[in-house]
Amino acid sequence: MADIEIDPTLAPVLARTGDERVVLEAFLDFHRGIVLRKVRGLADGDARRRLVPSATTLAGLLKHLALIERSWFPVLLDPAPGEVFPTTEEDAAASFAVAEGETLDDLVEAYERACARSREVAARFPLDHVVPHPQLGEVSLRWILVHLIEETARHAGHADILRELTDGETGVL
């Protein structure tokens, strides 16, 4: 299935009889695709606009999710010298902060690159591969995949609401 170009919206359906890894990766890619579709067609200003009491914006969600991808896959599974998993409240808040010169296109590209790198790194390890985690002790790749499905799906829901508040655009996908 990895050699075929598949619309991410179909991946979970196509993986319905796949093994555990195929199903986990299909659902994660499904939610990654939803996040990207929620920002397509927006102007930079709309993506940066605060529509809820928190600092959460569509642009900020993309920036945060790119950091999450980089942290949970490359930093934990294949860290470069000096890379550290973010663990502080300051790290969490900063992950949503969009710099003045960053455009929505930049953020989309960074998220897509982070997802591609995550896929590449994860593919090198079995689901049972365990790595140290600074707060949890240790985690398996299986756990990381399930956690990223949860994290990405939760933020896809936020993106859905923010998009509706931005321009009225609705829809599951």
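**View 1. Packing of helices α2 and α6 in the predicted model.** α2 and α6 pack with their axes 11 Å apart and at an angle of about 175°; axes are lines fitted to C-alpha atoms, for helices over the stretch in contact, and angles run from 0 to 180 degrees between N-to-C directions. The two helices α2 and α6 are therefore roughly antiparallel to each other (under 35 degrees counts as roughly parallel, over 145 as roughly antiparallel, 65 to 115 as roughly perpendicular and the rest as oblique). Helices (H or I, at least four residues) and strands (E, at least two) are DSSP runs, numbered from the N terminus. From α2, Arg21, Asp29, Arg32, Val35, Leu36 and Val39 meet Leu104, Val108, Tyr111, Glu112, Cys115, Ser118, Arg119 and Ala122 of α6, where contact means heavy atoms within 4.5 Å. The contact of α2 with α6 has eight nonpolar, one polar and five charged residues; Ala, Val, Leu, Ile, Met, Phe, Trp, Tyr, Cys and Pro count as nonpolar, Asp, Glu, Lys and Arg as charged, and the others, Gly among them, as polar. This is a predicted model, in which local features need pLDDT of at least 70 and side-chain atom pairs count only at pLDDT 80 or more, while totals for chains, interfaces and linings use all residues. Residues are numbered from 1 along each chain as its sequence is written, and side-chain values use heavy atoms, with hydrogens and water left out.

**View 2. The largest nonpolar core and a second, separate one.** The largest nonpolar core holds 22 residues; such a core is a set of buried Ala, Val, Leu, Ile, Met, Phe, Trp, Tyr and Cys residues joined through side-chain atoms within 4.5 Å. Buried means under 20% relative accessible area, exposed over 50%, and partly exposed in between (1.4 Å probe, protein chains only). Val35, Val39, Leu58, Leu62, Leu104, Val108 and Tyr111 have the most contacts inside the largest core. Two or more of its residues come from each of α2 (20–39), α4 (58–77), α6 (104–122) and α7 (141–167). A second, separate core of 20 residues includes Trp72, Leu77, Val121 and Ile149.

View 3. Beyond its neighbours within four places in sequence, leucine 58 is in contact with Val39, Leu42, Ala47, Ala159, Leu162, Arg163 and Thr166. Histidine 158 lies in helix α7 and, at 32% relative accessibility, counts as partly exposed. From C-alpha to C-alpha, histidine 158 and leucine 58 are 8.4 Å apart in space, although 100 residues apart in sequence. The axes of α4 and α7 come within 10 Å and cross at roughly 175°, which makes α4 roughly antiparallel to α7. By class, the residues in the contact of α4 with α7 are 15 nonpolar, six polar and three charged.

View 4. Two aromatic pairs are found in a search of the whole structure; rings of Phe, Tyr and Trp (its six-membered ring) pair if their centres lie within 6.5 Å, and planes under 30 degrees apart count as stacked, over 60 as edge-to-face and the rest as tilted. Tryptophan 72 and phenylalanine 85 have ring centres 5.0 Å apart and planes at 85°, so the pair is edge-to-face. This pair links tryptophan 72 in helix α4 with phenylalanine 85 in the loop between α4 and α5 (89–94), 13 residues apart. Both tryptophan 72 and phenylalanine 85 are buried, tryptophan 72 at 7% relative accessibility. For tryptophan 72 and tryptophan 143, the ring centres are 5.6 Å apart and the planes at 45°, so the pair is tilted. Tryptophan 143 lies in helix α7 and tryptophan 72 in helix α4, so the pair ties together parts 71 residues apart in sequence. At 38% relative accessibility, tryptophan 143 counts as partly exposed. Trp72, Phe85 and Trp143 form one aromatic cluster.

**View 5. Surroundings of lysine 63.** Lysine 63 lies in helix α4 and counts as partly exposed, at 25% relative accessibility. Apart from neighbours within four places in sequence, lysine 63 is in contact with Ser95, Ala97, Val98, Ala99, Glu102 and Leu107.

View 6. Serine 140 is in strand β2 (residues 137–140) and is buried, with a relative accessible area of 17%. Not counting residues up to four places away in sequence, serine 140 touches Leu127, Asp128, His129 and Val130. Glutamine 135 is found in the loop between β1 (130–133) and β2. With neighbours within four places in sequence left aside, glutamine 135 is in contact with Phe85 and Thr87.
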